[in-house]
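The sequence and structure are shown first.

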Amino acid sequence: MNAGQRIAGYSLLEKLGEGGFGEVWKAERTDAPGQFVAIKIATAPEGVAMLQEAWTLLGRVSHPNVLQAVSLDTASVPPYLVTEFIQGESLRTRLSRDRRIDPGAAVGLLDQVLAGLHAVHGSGDMHRDLKPENVLIREDGTVKLVDFGLGRAVQKPPGWIERSGSTDGPAVVGTYHYMSPEQTKGQPGDHRSDLYACGVILHEMLCGHAYPIKLPIDGVPARLSRVVEKAVSVRPRKRYPSTTAMASAMRDAMREAGASTSIESASSHRRGWPLRREVYLLMAALLVLGVAVWYVGYGPRRARQHAEATHHAWQELQTALQPGPGQAFHPPSALENLRLIDSEDVDQRLAELIQEWRWYYSHARDPGAENALQEKDRRLREKLNEKYGEYGLRF
Ligand SMILES: Nc1ncnc2c1ncn2[C@@H]1O[C@H](COP(=O)(O)OP(=O)(O)O)[C@@H](O)[C@H]1O
Ligand SMILES: [Mg+2]
């Protein structure tokens with residue numbers, strides 16, 4: 001397709017994007033100059049089913065955060081789908097420019113993504129290919145979800161990697177990172193697969209990269225990091241059950257973060273000492289007593305429990321990474337079965353390593369990454385032996 005070419009009552013202006021099966025163009029109505037649309041044109045036979053799928057799905061949904069479709073013509077050569085044109089930029093462009101987005105703004109954007117998705121899920125559909133490229137931000141800040149149509153029409157095979165730009169350009173491992181573990185296994189997934197992608201997108205907005213997922217994220221309210229953690233759980237049933245559940249968890253996290261700062265500033269503005277001096281002395285004495293009791297009893301016991309939980313988790317991880325005798329080697333399921341490690345109960349670095357191994361097996365199985373992880377495993381073993389050696393534990 002070329003600029004200037006006519007399609008029905010539109011004239012093509014500029015190419016906005018190009019995928020394996022089609023091209024997306026900004027176009028102008030020939031009978032109404034200054035009125036723009038986006039036209040997705042199928043350039044390969046598979047593209048037609050995708051346009052049809054997108055048209056059907058978009059027809060069922062009418063929501064301010066979901067792209068509005070205008071018309072479909074599958075009989076024309078080439079077939080095309082006309083949609084509203086969004087003047088703005090994609091979340092990908094925004095991330096390439098700003099790298100990180102502050103938590104308040106990131107939550108605001110994802111909130112809109114979830115609102116759009118809510119409408120899609122409500123009509124029994126799912127997006128299946130959510131990623132920053134498919135989240136457009138209009139100039140007034142409104143988010144629009146685009147690029148539906150991967151639905152049931154075209155199932156991407158496991159390990160499918162999207163090519164971006166020209167078809168002979170480098171393969172960009174982009175989609176991979178947002179795809180839920182069940183989708184990478186070639187299963188169709190359900191609405192919770194979209195919520196997984198939302199977790200990865202939130203992570204990327206907050207820390208500047210999609211992969212690897214490292215939690216907690218620096219400079220982000222702890223509770224918001226936990227929202228990411230829950231959303232990207234390997235098992236769908238550990239994720240949020242719905243868009244609304246995830247949205248309200250995000251809002252609670254932000255409210256809590258906001259509340260703690262406002263409580264702080266409120267007390268720092270308080271003048272004078274409102275209670276009698278004896279009361280403060282008593283409180284100080286109780287505090288000292290409490291610390292002493294913790295120190296002799298609870299503290300060491302807690303430290304030992306922590307060491308033991310870490311040791312246990314370490315052994316479970318090693319077993320999960322080993323093939324059993326005569327057993328087929330299925331680390332992903334072994335890792336999934338590994339009891340969820342609460343990062344407060346075990347050594348933080350070990351919890352991170354487990355996350356990374358899980359990530360590796362559900363996503364990027366390249367040998368380079370595996371070697372790096374094995375090296376990390378080895379170094380961590382040394383550190384754990386040093387740190388917990390005093391409890392007689394060997395890692
Ligand atoms: N309605 C639209 N308005 C403006 N830009 C759009 C629109 N639809 C798509 N684009 C741009 O074109 C790119 C590719 O479109 P998309 O529908 O995602 O197709 P593809 O299957 O090629 O990924 C998007 O990332 C976005 O930048
Ligand atoms: Mg796209």
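Helices (H or I, at least four residues) and strands (E, at least two) are taken as DSSP runs, numbered from the N terminus. On this basis Arg99 lies in the loop between helix H2 (91–98) and helix H3 (103–122). The model is predicted.

**Overall organisation.** The chain comprises 12 helices and 9 strands. Of its 395 residues, 34% are buried. Among contacts with a separation of 6 or more, 59% join residues 24 or more positions apart.

**Nonpolar cores.** The largest nonpolar core contains 69 residues, and those with the most contacts inside it are Leu110, Val113, Cys198, Ile201, Leu202, Ala231 and Met250. Helix H6 (residues 191–207) supplies the largest share of this core, 10 residues. At least three residues of the core come from each of domain 1 (6–84) and domain 2 (89–256). Apart from this core lies another, of 14 residues, including Ala307, Ile354, Tyr361 and Leu384. Leaving aside residues up to four places away in sequence, Met250 touches Val107, Leu110, Asp111, Leu224 and Val227. In helix H7 (residues 222–231), the residues Leu224, Ser225, Val227, Val228 and Ala231 are buried. Viewed down the axis of H7, its buried residues fall within an arc of 150°, so they line one face of the helix.

**Ligand shell.** Ligand 1 is surrounded by 18 residues, the closest being Gly17, Gly19, Ala38, Ile86 and Asp147. Strand E2 (10–18), strand E4 (36–42) and strand E6 (80–84) are the elements that give two or more residues to this shell; E2 gives the most, with 3 residues. By class, the shell around ligand 1 holds 8 nonpolar, 5 polar and 5 charged residues. Domain 1 (6–84) and domain 2 (89–256) each provide at least three residues of the shell.

**Backbone geometry.** Most residues other than glycine have a negative phi, and most peptide bonds are trans. The table lists exceptions.

| Site | Feature | Value |
|---|---|---|
| Val77 to Pro78 | cis peptide bond | omega about -5° |
| Tyr211 to Pro212 | cis peptide bond | omega near -5° |
| Arg99 | positive phi | about 65° |
| Asp147 | positive phi | about 65° |

Pro78 lies in the loop between strand E5 (69–73) and E6, and Pro212 in the loop between H6 and H7. Asp147 is found in the loop between strand E9 (143–145) and helix H4 (175–178). Is Arg99 buried or exposed? Arg99 is exposed, because 12 other C-beta atoms lie within 10 Å. Asp147, by contrast, counts as buried, with 22 C-beta neighbours inside 10 Å.

Key: Residues are numbered from 1 along each chain as its sequence is written. Chains are lettered from A and ligands numbered from 1 in the order in which they are written. This is a predicted model: local features need pLDDT of at least 70, side-chain atom pairs count only at pLDDT 80 or more; totals for chains, interfaces and linings use all residues. A nonpolar core is a set of buried Ala, Val, Leu, Ile, Met, Phe, Trp, Tyr and Cys residues joined through C-beta atoms within 7 Å. A residue is buried if 20 or more other C-beta atoms lie within 10 Å of its own, exposed if 12 or fewer, and partly exposed in between; C-beta atoms are placed from the backbone. Domain bounds come from an automatic or database domain assignment. Two residues are in contact if their C-beta atoms, placed from the backbone, lie within 7 Å. A residue is near a molecule or strand if its C-beta atom, placed from the backbone, lies within 6 Å of it. Ala, Val, Leu, Ile, Met, Phe, Trp, Tyr, Cys and Pro count as nonpolar, Asp, Glu, Lys and Arg as charged, and the others, Gly among them, as polar. The arc is that of the directions from the helix axis to the C-beta atoms.
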